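Hello,

Here is the structure I promised to pass on. Please open it alongside this note and follow along.

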Amino acid sequence: MQQDTPAAADPPTAAPPRRGVVIVVRESERFLVIRRSEFVVAPRKHCFPGGHIEAGESEEEAVIREFREELGGHVLPQEPLWKSISPRGVHLAWWSAQLAEANQPLKPDPAEVEAAFWCSPEEMAALPELLDSNRTFLEAVLAGTIRWESK
């Protein structure tokens, strides 16, 4: 008598990598920096604004949405600057952006952002609570590896 053997299970499919954007706003050689709230991953760390890319969303759309959600402001995505993978395995797209309106007031969402301020690359690199990925990006900027033109 022949026994039926269970069908071989389909090999597991790898989940698509998680994706995020980092929003680099520069004005007069100063960067917009946030201090994360106590309620998010990496609480109270300093970094550029940014967050996840939602399903079906382009990187540019995520730049606009994340900036609005975190800081209540409007930015115009300019150009991709860099790609990296975070220690948590998130594939990050680093984008330059400019404020849609000069001197627009920013209103950090306290659930996500504790503070927002401007500082030079050197001042930002000196922040003791700076996320490592942001430090690596700044080192590349200071070394001249990452360059871009403000539009």
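**What I found**

Start at the N terminus: the elements run β-β-β-β-α-β-β-β-α-α. That makes 3 helices and 7 strands in the protein. Keep in mind that this is a predicted model.

Next, the overall numbers. The protein has 151 residues, and 38% of them are buried. It exposes about 9,100 Å². Carbon and sulfur atoms supply 53% of that area. Now take the contacts with a separation of 6 or more: residues 24 or more positions apart account for 64% of them.

Then look at the cysteines. How many disulfides does the count come to? The count is 0. C47 is buried, because its relative accessible area is 2% and the cut-off for buried is under 20%. C119 is also buried, with a relative accessible area of 4%.

Now find E57. Where is its place? E57 is in the loop between strand 4 (50-52) and helix 1 (59-71). Is E57 buried or exposed? Its relative accessible area is 12%, so E57 is buried.

What does the side chain of E57 reach at 2.9 Å? It reaches the backbone nitrogen of E54. The side chain of E57 also makes a polar contact with the side chain of R65, at 2.7 Å. Leave out residues up to four places away in sequence, and E57 touches R19, H52, A62 and R65.

Best wishes

Terms used. Residues numbered from 1 in each chain as written. Predicted model: local features only at pLDDT ≥ 70, side-chain atom pairs only at ≥ 80, totals over all residues. Heavy atoms only, no water. Disulfide = S-S within 2.5 Å. Buried < 20%, exposed > 50% of the residue type's maximum accessible area, 1.4 Å probe, protein only. Helix = DSSP H or I, 4+ residues; strand = E, 2+ residues; numbered from the N terminus. Contact = heavy atoms within 4.5 Å. Areas by Shrake-Rupley, 256 points an atom, 1.4 Å probe, with all protein chains shown as cover. Polar contact = N/O pair within 3.5 Å; in protein donor to acceptor, adjacent residues only side chain to side chain.
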